[in-house]
Amino acid sequence: PQWLVWLYVLSVCGAVSYQMLAVWLANQASIAAQAGGARLLTQLVRLPVPSWEQMEAMRTYGRSFEGLGPTKLFRIPFLGSLIQAFRGKAASKEANEKVQQDPWNLERSGQHIYELK
């Protein structure tokens, strides 16, 4: 019968249009996901790049290690602070100690480097 053919054609047209809509929305979702991933990698997760002043502030010098005594060089990590906390002494005496100067003047602060200014 003729009406059954029209129902069949209508259902096929509906299926084809639904498939085209699904493909179009999948493409839109793919573009949105790529843009979101690029934003996530470039803006939200990127570690901050430190400035030259921050790099210089966190830099350690060999003379600070060489100026330590043998008791500080061969210490067991975290044991000294636990003992001081147990005895109730001050946290450390390193802030009051003077740093030994570099006798050969090999370690510079970086004030003369153009990129650090």
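What pLDDT does the protein average? The average is 77, and 77% of the residues score at least 70; pLDDT is the predictor's confidence in each residue, from 0 to 100. This is a predicted model, in which local features need pLDDT of at least 70 and side-chain atom pairs count only at pLDDT 80 or more, while totals for chains, interfaces and linings use all residues. Residues are numbered from 1 along each chain as its sequence is written, and side-chain values use heavy atoms, without hydrogens and water.

The protein has 5 helices and 0 strands (DSSP runs numbered from the N terminus: helices are H or I, at least four residues; strands are E, at least two). Confidence is highest in α1, at a mean of 94, and lowest in helix α3 (residues 62-66), at 70. Over residues 90-99 the pLDDT is below 50. Where pLDDT is low, the predicted coordinates should not be read in detail.

Of the 117 residues, 4% count as buried (under 20% relative accessible area; exposed is over 50%, partly exposed in between, with a 1.4 Å probe and protein chains only). Tyr-8 lies in helix α1 (residues 2-44) and is exposed, with a relative accessible area of 58%.

How values were computed:
Contact = heavy atoms within 4.5 Å.
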